[in-house]
Amino acid sequence: MSAAAAARAPWLSRFITSEHPLPWLLPAAALMTVFGIYPLVSAFISTLYRKNAATRKLVFDPDYNWVKVFGDERMWNALMNTLIYTGVALVFQLALGMLIALLLDSDRKGYGFMRALMTLPLVIPPAVTAMMFLMMLNGSFGVIAQGIIWTGLLPDNFSILGNASTALPGVLLAEIWQWTPFMVLIMLAGLRSLPKEPFEAAAIDGATNVQAFFKLTLPMMSKVIAIAVLIRGIDLLRAFDYVKVMTDSGPGTATETLTSYSGRIYFGNADFPYASTIALLTLILVIITSTFFMKAFKVKL
Amino acid sequence: MELSRPMQILRDLTAAVVTALFMFPVFWWALTSIKPISAVFNKDKVVWFDFTPTLINYAVTLFGRSRSQMAIDEGLGMGVAGAEAYDSRQTIVDSIIVSVGATTVTILVAVFAAYALSRMRFKGRESYLNWVLGQRFMPPIAILVPLVTIYSGLGMRDIQNIYLGYIGLMLIYALMNLPIALLLMKSFFDDIPKDVDEAAMIDGATRWQSFSKVVLPMVRGGVAASAVLCFVFSWTEFLLSLFLTTDIRTVPVKIQTFVTSTGNEWGFIAALGTAAMIPSFIFILLVQRHLVRGLTLGSLKE
C-alpha cells in the first residue's frame with residue numbers, strides 16, 4: 001500500500017495490517033461466497049421450480065423435482081454406475097498403487113527415474129487421456145483392442161466402448177491408468193516414512209517379507225491409505241470427463257454417472273431445474289460418504 | 001531389505017516392465033503424433049513402425065499449416081475440408097492465459113487466508129477450514145447452471161465480452177483450486193515455528209511485516225508447489241470450460257473438436273495432446289519433492 005493511500009485512509013491500513021484475522025480471510029471467503037455459495041443456493045432454489053416442457057415456463061412447485069428424482073429409474077441406474085465406477089476404480093488403484101509402490105521403493109540406480117516417470121500420467125488432461133484411450137480401444141485399429149482380440153478373448157472388430165457390457169470396463173481402464181500413479185506416489189511417501197526398527201526386529205525374529213507386510217506395513221500405513229482413498233473417492237464420485245468423452249454416457253445409459261446424467265439433461269432438453277437437482281444430489285452423496293468415511297476411519301484432511 | 005542377486009535382477013526387471021507398461025499409452029500417443037495422415041486417418045489396422053515419420057501433425061496444430069494442403073501434398077483426396085479448425089495456436093494462448101491467471105488469483109487469495117488460519121486463533125477457525133474443505137467436495141456441475149445465468153446477466157460470457165470471458169473462467173478455476181492451494185499453504189506455514197513471527201514482532205515488526213518479510217520468504221517452496229498444482233489443474237480442467245465458454249477454447253475442449261463427421265483426426269489429437277502434457281510435466285518435476293503433500297491437500301508430508 002502506498003503512503004498516500006495510507007494517509008488518506010489510516011484506519012484502512014491499520015485494519016489491513018492488524019492482528020484481526022478478517023482482512024486475511026476475506027478475499028478467499030469472498031471468492032467462495034460469490035462463486036461457490038451463491039450459485040449453489042441459486043441452484044437449490046431453481047430445483048424448487050418445475051419446467052413446463054411445452055411452454056418452457058418455470059412454475060413454482062417445491063417438491064416436484066425432488067419427488068421426481070427418487071422415482072427416476074435413470075437416476076438409480078446412474079447412481080449404481082457411479083458407485084460401481086468409484087468402487088472398482090478404488091480397488092484397482094489402491095491394490096496396483098500399493099504393489100507398484102513396494103516395487104519402486106528402492107534407492108538403487110534407475111528407480112528415481114522410474115518414480116519420476118510415474119508422475120507423467122497425473123499431468124495429462126483427463127479429457128485428452130480419454131481421447132487417447134478412445135483411439136486405443138477402437139475395435140478396428142486400436143492397439144489395446146487389437147491386443148485383446150489377438151488373444152481371442154473378444155471377436156474380430158469388437159467395439160469395447162460400443163457394447164453395453166464392456167463400455168464401463170473400457171472407461172475404467174482409462175481412469176485406472178491415469179490415477180494409479182496418484183496412489184503410487186502417496187504409498188511411496190507412506191512407505192518411506194515408516195520407521196526401520198520394527199522391520200529389523202521382525203527380520204531377526206524370522207518373519208518373512210509377506211508377514212512383515214501384513215503385520216507391520218499395512219497397519220502402519222492405514223492412515224495414509226485412508227487419506228488416499230478419501231481424496232480419490234471424492235473425485236471418483238464426481239467422475240465426468242472420461243465418461244463424457246469416451247462414451248457420452250452410452251451406449252444407451254450403460255456408462256451414465258450422476259454428473260454425466262446431469263450434463264446430459266443440461267445439454268439435451270435444457271431442463272435446468274432437474275439437471276441441478278441431480279447435481280445437488282451428487283454433492284449430497286459426496287458429503288455423506290466422505291463424512292461417514294472420515295468418522296469411521298478417524299481421518300481428517 | 002536385502003535380496004539375493006537373481007532376485008534383485010528379477011525385481012529390477014519387473015519394475016522396468018511395469019513402468020514401461022504405464023508409459024506405453026504416452027509412447028503410443030507420441031508415436032501416433034509423428035505418423036503421416038495415411039497411417040492413422042480412418043485406418044482399419046494397427047500401424048506400428050512401418051511409416052515415414054513426419055511433423056505434419058505438429059505443423060497443422062501448432063503452426064497453423066493448412067490441413068487441406070497437407071492432404072493434397074500427401075496425394076490424398078480425403079478430408080480436405082476444414083482448414084483452420086485444426087489450428088490450435090489461439091487455443092494454447094487461451095489455455096495459458098486462463099491457467100496463469102487462475103493460478104495467480106488462487107495463490108494471492110489463498111496465501112493470506114492460509115497464513116491467518118495457521119497463525120491466528122479466532123472463533124470460527126474450524127468452521128472456516130470446514131468451509132474450504134466442503135468447497136473441495138462440490139461437483140463443478142452443481143454450480144454450472146446458475147453460473148451460466150449469472151455470467152450472462154453480468155455480460156461475462158465470452159460470447160458477450162471476450163476479456164470478461166477470460167476473467168470469468170479464471171475466477172471459477174481459482175475457486176476450484178482454492179481448497180488445495182489454501183490447505184497446502186497452511187501446512188507449509190504450520191511447519192514454521194510460531195516463535196519466528198513472535199520474535200519478529202517483539203523486535204517491532206507489525207503482523208504484516210512479519211508475514212511479508214519473514215515468514216513468506218521461508219515458504220517459497222510451498223508457494224511454488226501450490227502454484228504448480230493450480231496450474232496443472234487449470235490446464236487440465238474440462239467440464240467448466242466445456243459448458244461456460246464458446247469462443248475461448250482451452251486445450252482439453254479444443255481437442256474434442258478434432259472428432260469430425262468424416263472421421264477422427266487422430267494425428268492432430270495426438271500431436272496437440274503430446275504437446276499439451278510437456279509444460280505441466282516439466283513444472284511438476286520441478287516441485288516433485290512437495291507433490292504428495294499437494295495431492296493430499298497438505299495432510300501427508302514427505
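Q: What makes up the largest nonpolar core, and which residues have the most contacts inside it?
A: In this predicted model, the largest nonpolar core has 163 residues, and I186(A), A110(B) and A113(B) have the most contacts inside it. Members of such a core are buried nonpolar residues joined through C-beta atoms within 7 Å. Helix α8 (residues 162-191) of chain B gives the most to this core, with 16 residues.

Q: Which residues does I186(A) touch, leaving out those up to four places away in sequence?
A: In chain A, I186(A) touches V224(A) and A228(A). In chain B, I186(A) touches V292(B), L295(B), T296(B) and L300(B). These count as contacts because the C-beta atoms of each pair lie within 7 Å.

Q: How many residues does each chain bring to the contact between chain A and chain B?
A: Chain B brings 75 residues and chain A brings 73 residues. On the side of chain B that touches chain A, helix α1 (residues 5-33) gives the most, with 10 residues. By class, that side of chain B has 58 nonpolar, 11 polar and 6 charged residues.

Q: Where does D247(B) lie, and what does D247(B) touch?
A: D247(B) lies in the loop between α12 (239-244) and α13 (251-254) of chain B. Not counting residues up to four places away in sequence, D247(B) touches D158(B), I159(B), I162(B) and G165(B).

How values were computed: Residues are numbered from 1 along each chain as its sequence is written. Chains are lettered from A and ligands numbered from 1 in the order in which they are written. This is a predicted model: local features need pLDDT of at least 70, side-chain atom pairs count only at pLDDT 80 or more; totals for chains, interfaces and linings use all residues. A residue is buried if 20 or more other C-beta atoms lie within 10 Å of its own, exposed if 12 or fewer, and partly exposed in between; C-beta atoms are placed from the backbone. Helices (H or I, at least four residues) and strands (E, at least two) are DSSP runs, numbered from the N terminus. Two residues are in contact if their C-beta atoms, placed from the backbone, lie within 7 Å. Ala, Val, Leu, Ile, Met, Phe, Trp, Tyr, Cys and Pro count as nonpolar, Asp, Glu, Lys and Arg as charged, and the others, Gly among them, as polar.
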